[in-house]
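Trainee: Please give me a close look at one part of this model. I want to know what sits in it and what it packs against.

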Amino acid sequence: MIPVTTAVRRVPCEACPLRANRYFRDFTAEELKFVSTFKRGELVADAGSMILAEGTHSAQLFTLLSGWAFRYKTLEDGRRQILNFLLPGDLVGLQGSIIGEMEHSVESLSPVVLCVFQRDSLATLFEGYPSLAFDVTWMASREERMLDENLLSLGRRNAMERAAYLIAFLYQRAEKAGMTRKPVIPITQQHVADTLGLSIVHTNKTLRKLAARQLIRWQGRSCEVLDPAGLAEIAGWDGLGENRRPLI
């Protein structure tokens, strides 16, 4: 497990840069005051850091403030299945807060900053702030919806459709999070293979086909998206279709 560095709170909730993004709904003054006290500090980690480990208990819950991360599970022989990717505004570790033990791991794809919340304060949120409680439930439901789409992709899309969907999906999520001024996704071909359930050889051949169509440009440890609409068309995917969303 790669250690992460715990930092004191440097970004007050009142000045959170994510709140300037019109994609996230506004807090009421009362909600903002509570979230400001709910937050304990920030966690700073380099790319490749283990944020949460499967089978462990964590006293903390996080919101990703900047950077990219991913959730995954592993088999006993080390084979990995990436379940989903995490972008700014996403809640991290809710499963451990509800169930008690993490049933997946979380690793950073890029340098990240996470807002840290104490898990034992979650009950106060549900008891005293029903609108924020609804937001937490909404985010859990959204995660379920994304997993449904990923399962559909694994079960019914062919390799090219799977890869096109994954990249278009990540691009649209990054776009809504304000991260696509330079449309580059910090994933390796191994990350793609572990998400799509393909061998690295099959993954490489599939990504070459997308690159040959001028849809993407592979850059070693990242993917530049050239034609997100073309990727979505190949995948037969209508897009995220989300309007404003919660932020804790």
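Mentor: Cys223 counts as buried, at 0% relative accessibility. Buried means under 20% relative accessible area, exposed means over 50%, and partly exposed lies in between (1.4 Å probe, protein chains only). The model is predicted: local features need pLDDT of at least 70, side-chain atom pairs count only at pLDDT 80 or more, and totals for chains, interfaces and linings use all residues. Residues are numbered from 1 along each chain as its sequence is written, and side-chain values use heavy atoms, with hydrogens and water left out.

Stay with the cysteines briefly. The structure holds 0 disulfides. A disulfide here is a pair of cysteine sulfur atoms within 2.5 Å. Cys16 has its closest cysteine sulfur in Cys115, at 5.9 Å, which is too far for a bond. Cys16 is buried as well, with a relative accessible area of 15%.

Now strand 12, residues 223-225. Strands (E, at least two residues) and helices (H or I, at least four) are DSSP runs, numbered from the N terminus. Val225 is in strand 12. Val225 is buried, at 4% relative accessibility. Contact means heavy atoms within 4.5 Å. Leave aside neighbours within four places in sequence, and Val225 is in contact with Ile167, Tyr171, Pro183, Ile185, Leu215 and Leu231. Take Ile185: Val225 is 40 residues from Ile185 along the chain, yet their C-alpha atoms are separated by 7.7 Å.

Next, helix 8, residues 228-235. Its buried residues are Gly230, Leu231, Ala232 and Ala235. They pack against helix 5, helix 7 (200-212), strand 11 (216-218) and strand 12. Just after helix 8, Gly236 takes a positive phi of about 65°.

How do helix 8 and helix 5 meet? Two packed helices are described by the angle between their axes and the distance between the axes. Helix 5 spans residues 159-176, and packs on helix 8 at an angle of about 135°, with the axes 8 Å apart. Axes are lines fitted to C-alpha atoms, for helices over the stretch in contact, and angles run from 0 to 180 degrees between N-to-C directions. Helix 5 and helix 8 are therefore oblique to each other. The classes are: under 35 degrees roughly parallel, over 145 roughly antiparallel, 65 to 115 roughly perpendicular, and the rest oblique. The crossing of helix 5 with helix 8 is left-handed. That term applies if the near helix is turned anticlockwise from the far one by less than a right angle; clockwise is right-handed.

From helix 5 come Met160, Glu161, Ala164, Tyr165, Ile167, Ala168 and Tyr171; from helix 8, Pro228, Leu231, Ala232, Ile234 and Ala235. By class, this contact has 11 nonpolar residues, no polar and 1 charged. Ala, Val, Leu, Ile, Met, Phe, Trp, Tyr, Cys and Pro count as nonpolar; Asp, Glu, Lys and Arg as charged; the others, Gly among them, as polar.

Helix 5 also packs on helix 4. Their axes come within 9 Å and cross at roughly 160°. That makes helix 4 roughly antiparallel to helix 5. Helix 4 brings Arg142, Met146, Glu149, Asn150, Ser153, Leu154 and Arg156 to this contact, and helix 5 brings Glu161, Arg162, Tyr165, Phe169 and Arg173.

Leu147 is partly exposed, at 31% relative accessible area. Not counting residues up to four places away in sequence, Leu147 touches Arg71 and Leu83. Leu83 is 64 residues from Leu147 in sequence, and 7.3 Å away, C-alpha to C-alpha.

Last, helix 6. It is mostly covered, with 7 of its 8 residues buried. These are Gln189, His191, Val192, Ala193, Asp194, Thr195 and Leu196. What covers them includes strand 5 (69-74), strand 6 (80-86), helix 4, helix 5, helix 7 and strand 11. His191 has a relative accessible area of 9%. Beyond four places in sequence, His191 touches Phe70, Arg80, Ile82 and Leu109. Just after helix 6, Gly197 takes a positive phi of about 70°.

The axes of helix 6 and helix 7 come within 9 Å and cross at roughly 110°. That makes helix 6 roughly perpendicular to helix 7. Gln189, Gln190, Val192 and Ala193 of helix 6 meet Ile200, Thr203, Asn204 and Leu207 of helix 7. This contact has 4 nonpolar, 4 polar and no charged residues.
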